[in-house]
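Reader: I have just opened this one and would like a short tour. Can we go through it piece by piece?

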Amino acid sequence: MHPDLEALLTLQAKDQDVTKSEQALAALEPDVRRLDEQLAVAQRALDAARRAIDDALRRKDELEGKIANYKTMQDQRRQKLEWVRGAKEASTLMAELDLTRTVLAKEEAEFMRSGDAVHDAERKAAEAERALDAVRDAQAPEREALAGKREAVSGDLSAARGIRTEATRSVNGALLSRYERIRRGKAPLALYALHGDACGHCFTAVPTQRRVLIQRGASIETCEACGVLLYSAE
Ligand SMILES: [Zn+2]
C-alpha cells in the first residue's frame, strides 16, 4: 500500500461523516419551511384583517368629516335665512336646506353602517389573531422537536468537521491539495478503488502500466478520464 494512502482514506471517511451530518441537517429544512409557511399564511391573514380595520376607520372618518361640513353649511344657510329679504332667495335657500337634509340623512345612515363595519373588521382581526395563536400553539411541539434535532445534528456536524480537520494533518501537503481540488469537482469522492482494470468512479480502463504502479502501491495515480485518485483495494 502506498504510504500516504491510509491517511487519505481516513480523511475521506471523515469527509463522508461530515457529508452525512450536513445531509441530516438539510433533511430537517423542509419541515421547518413547511411550518414557517403555515405561520406566514396565518400572519398574512392577520395583516389583511388589520388593514381592513384601518380602511374601515378611514371611511368612518371621511363620513364624519363630510357630515360636519354639511352641518356647517346648513347652519350658514339657516343664519342667512334670518336676514334675507328677497322671497326668491329665501325659497332657494329653503330648497337647498331641504335637499341637504335628505343628503345628510343618507350620510348619517352611512356613518352608522361605517361604525358597524369597523366593529366587524375588529372582530375579524381578533379572530385572525386567535387563529395565528392557534397555529403557533399547534406547531410548538413539532418546532421544539425540530430544534432539538437540529441542535443534536449541528453538534454532530461541528464534531465531524473538527475530526476532519484533524485528519488533514496526517496527509502530505501536495497530496492534500490534490485531494481538496478533486473534492471541489463533480465526483462525489476524491478517492476510488480500482474496479477490475478500470476506474471505480467512471469505469474508464486504466492503462496497464499505471495500474501496476497503483497495485504495487508505488504511486497514487489519477484517472485520466475523470480525475479522481485511484488506489488498489487488495
Ligand atoms: Zn475515472
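This is a predicted model: local features need pLDDT of at least 70, side-chain atom pairs count only at pLDDT 80 or more; totals for chains, interfaces and linings use all residues.

Reader: Where does Gly217 lie?

Author: Gly217 sits in the loop between helix 4 and strand 2.

Reader: And how many residues apart in sequence are Gly217 and Leu104, and how far apart in space?

Author: Gly217 and Leu104 are 113 residues apart in sequence, and their C-alpha atoms are 102 Å apart in space.

Reader: Change of topic. What coordinates the zinc ion?

Author: Cys199, Cys202, Cys223 and Cys226 coordinate the zinc ion, each through SG, at 2.2 to 2.3 Å.

Reader: What is the site of the zinc ion like, going by the angles among its four donor atoms?

Author: The site is tetrahedral, with angles of 103 to 112° among the four donor atoms.

Reader: What spacing do the donors follow along the chain?

Author: The donors of the zinc ion follow C-x2-C-x20-C-x2-C. Cys202 lies in the loop between strand 1 (191-193) and helix 4 (208-216), and Cys223 lies in the loop between strand 2 (221-222) and strand 3 (229-231), so the pair ties together parts that are 21 residues apart in sequence.

Reader: Is Cys223 buried or exposed?

Author: Cys223 is buried, because its relative accessible area is 4% and buried means under 20%. Cys199 also counts as buried, at 0% relative accessibility. Cys202 is partly exposed, with a relative accessible area of 27%.

Reader: How many disulfides does the count come to?

Author: The count comes to zero disulfides.

Reader: What about Phe203, what is its phi?

Author: Phe203 has a positive phi of about 60°, although it is not a glycine. Phe203 lies in the loop between strand 1 and helix 4, and Cys202 is in that loop as well.

Reader: Which residues line the largest cavity?

Author: The lining of the largest cavity is made of Thr204, Ala205, Val206, Pro207, Arg210, Thr222, Cys223, Glu224, Ala225 and Leu230. By class, that lining has six nonpolar, two polar and two charged residues. Cys223, one of the lining residues, is also one of the residues that coordinate the zinc ion.

Reader: And which residues line the second largest cavity?

Author: Leu194, Gly196, Gln215, Ser232, Ala233 and Glu234 line the second largest cavity. By class, its lining has two nonpolar, three polar and one charged residues.

Reader: Let's move to helix 1. Which residues does it cover?

Author: Helix 1 covers residues 5-83, and Leu8 lies in it.

Reader: Is Leu8 buried or exposed?

Author: Leu8 counts as buried, at 0% relative accessibility. Leu81 is partly exposed, with a relative accessible area of 25%. Glu82 counts as exposed, because its relative accessibility is 67% and exposed means over 50%.

Reader: How far apart in space are Leu8 and Glu151?

Author: Leu8 and Glu151 are 30 Å apart in space, C-alpha to C-alpha, and 143 residues apart in sequence.

Reader: What separates Glu82 and Ala174?

Author: Glu82 and Ala174 are 92 residues apart in sequence and 108 Å apart in space, C-alpha to C-alpha.

Notes: Residues are numbered from 1 along each chain as its sequence is written. Side-chain values use heavy atoms; hydrogens and water are left out. On a 1 Å grid over the protein atoms alone, a cavity is a set of points where a 1.4 Å probe fits but cannot get out, and a pocket is an open set with protein on both sides within 12 Å along at least five of seven lines; lining residues have an atom within 4 Å of a point. Ala, Val, Leu, Ile, Met, Phe, Trp, Tyr, Cys and Pro count as nonpolar, Asp, Glu, Lys and Arg as charged, and the others, Gly among them, as polar. Donors are N, O and S atoms within 2.8 Å of the metal (3.2 Å for Na, K and Ca); water is not among the atoms, so sites may look incomplete. Four donors count as tetrahedral if all angles lie between 85 and 135 degrees; four count as square planar and six as octahedral if opposite donors are over 155 degrees apart and all others between 65 and 115; anything else is irregular. Helices (H or I, at least four residues) and strands (E, at least two) are DSSP runs, numbered from the N terminus. Buried means under 20% relative accessible area, exposed over 50%, partly exposed in between (1.4 Å probe, protein chains only). A disulfide is a pair of cysteine sulfur atoms within 2.5 Å.
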